[in-house]
Amino acid sequence: MPDGATARPPGEVDLHMHSTASDGALAPAKVVDAARAVGLSAIALTDHDTLAGVAEAETAAAPFGIRVVTGVELSAHDGAKEIHLLALHVSRPSVIESRLSGFRDARETRARDIVDKLRRLGVNVDLQAVMEEAAGGAVGRPHVARALIRGGHVRDTREAFDRFLGAGRPGFMPKARLDVSEAITLAHSAGAIAIWAHPGQEGRRERLEPLVSHGLDGVEVRHPSHNAEDIKRLGALCDFFGLVPSGGSDWHGSGEGQRTIGCMHIPPAWLYQQDVVVARRAAEEVA
Ligand code: AMP
Ligand code: ZN
Ligand code: FE
Ligand code: FE
């Protein structure tokens, strides 16, 4: 157990992280090992556009009594803005699998388009290198970044995003995205709750109101990108709208400095509040 882990209050959880099923660096079982090493009682695996890592995580977690919440991170648009939603507590994966598969196909098309753009800029990266980095998982910009590093075009991921892949940079391609109201409905159809991931400064009452009217269930209050003021404001907005709080590290498994699994210190009570909403929703469906 690493230094400091003994100071962790019992039962802490982490409800946002990625594995090799999308753009994380570690296989789902290794993510569970990391969760165990820091003493977490539950994790949500929230890969981009896929549930493929969850079964392996559950198998690895079961002997240690660590709970795995089935999750997926969806990219949507809210007007002109991109917004990420976490569908947490998925109980009917088969209902959304064909949609997720479509999003993953769109990611491959986009990866090809990004590679074409980069090649036109004189950056000789090829699609095969990118797809090797993705290794069968949902492909995204971090895989392009790794291929760029491997090809000696950039030193690190930060440089890859700053020079080429970030919004407004010459290799940027938007994802084929669904409308946020559709994304919320999609989450509900799978028995999940819809959480606005890392809203940051955008998380304000005016912006939340329409999302709540579309059925948004909660907000990611604690995330590494949030400052103390964000956390306070988002917590108050949860109280105001009757939303459940969520939080997590958005850990991708390596090279993220201060961002480590469990770093947001999410209390188990937040997960319990989510369980209550999920149970209430299920009861309403039966009635
Ligand atoms: P994509 O889903 O292909 O749009 O890629 C989004 C992912 O890229 C995020 O989940 C992050 O893991 C990563 N990412 C986004 N912006 C940056 C950045 N500026 N630097 C490093 N990684 C980033
Ligand atoms: Zn990611
Ligand atoms: Fe995100
Ligand atoms: Fe994420």
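Start by selecting Arg67, which counts as partly exposed at 35% relative accessibility. The model on your screen is predicted.

**Stop 1: Arg67 and its partner**

Now colour by position along the chain. Arg67 sits in strand S3, while Asp275 belongs to helix H10, residues 268-286. The pair links distant parts of the chain, 208 residues apart. Asp275 is partly exposed too, with a relative accessible area of 24%.

**Stop 2: Lys81 and Glu202**

Next, select Lys81 and Glu202. Their side chains meet in a salt bridge, with 3.1 Å from N to O. Where does each residue lie? Lys81 is in strand S4, residues 81-88. Glu202 is in the loop between strand S6 (193-196) and helix H8 (205-213). The pair therefore ties together parts that are 121 residues apart in sequence. Check the surface next. Lys81 is partly exposed, with a relative accessible area of 42%. Glu202 counts as partly exposed at 35%.

Together with Lys81 and Glu202, they are linked in a network of salt bridges.

**Stop 3: along helix H8**

Stay with helix H8 and pick Arg205 and Glu209. They form a salt bridge, and the closest N and O atoms are 3.8 Å apart. Why are these two separated by about one helical turn? Because they are four residues apart in helix H8. An α-helix has 3.6 residues a turn, so residues three or four places apart point the same way. Arg205 counts as partly exposed at 43% relative accessibility. Glu209 is partly exposed as well, with a relative accessible area of 40%.

Before you move on, one total: the structure holds 18 salt bridges.

**Stop 4: the iron ion**

Select ligand 4, the iron ion. Which residues coordinate it? Show the side chains of His16, His18, Glu73 and Asp250. The atoms to look for are NE2 of His16, NE2 of His18, OE of Glu73 and OD of Asp250. They coordinate the iron ion at 2.1 to 2.2 Å.

Turn the view around the iron ion. The angles among its four donor atoms run from 79 to 167°, and the site is irregular. Along the chain, the donors follow the spacing H-x1-H-x54-E-x176-D. His18 and Glu73 link distant parts of the chain, 55 residues apart. His18 lies in the loop between strand S1 (13-14) and helix H1 (28-37). Glu73 lies in strand S3, residues 67-78.

Now show ligand 2, the zinc ion.

**Stop 5: helix H5**

Finish with residues 141-150, helix H5. Seven of its 10 residues are buried, so the helix is largely enclosed by the rest of the structure. Select the buried ones: Arg141, Pro142, His143, Val144, Ala145, Ala147 and Leu148. What do they pack against? Show helix H3 (93-120), helix H4 (127-134) and helix H6 (157-165). The buried residues of H5 pack against these helices.

Definitions and conventions:
Residues numbered from 1 in each chain as written. Chains lettered and ligands numbered in written order. Predicted model: local features only at pLDDT ≥ 70, side-chain atom pairs only at ≥ 80, totals over all residues. Heavy atoms only, no water. Donors = N, O, S within 2.8 Å, 3.2 Å for Na, K, Ca; no water. Tetrahedral: all angles 85-135°; square planar, octahedral: opposite > 155°, others 65-115°. Buried < 20%, exposed > 50% of the residue type's maximum accessible area, 1.4 Å probe, protein only. Contact = heavy atoms within 4.5 Å. Salt bridge = Lys/Arg side-chain N within 4 Å of Asp/Glu carboxyl O.
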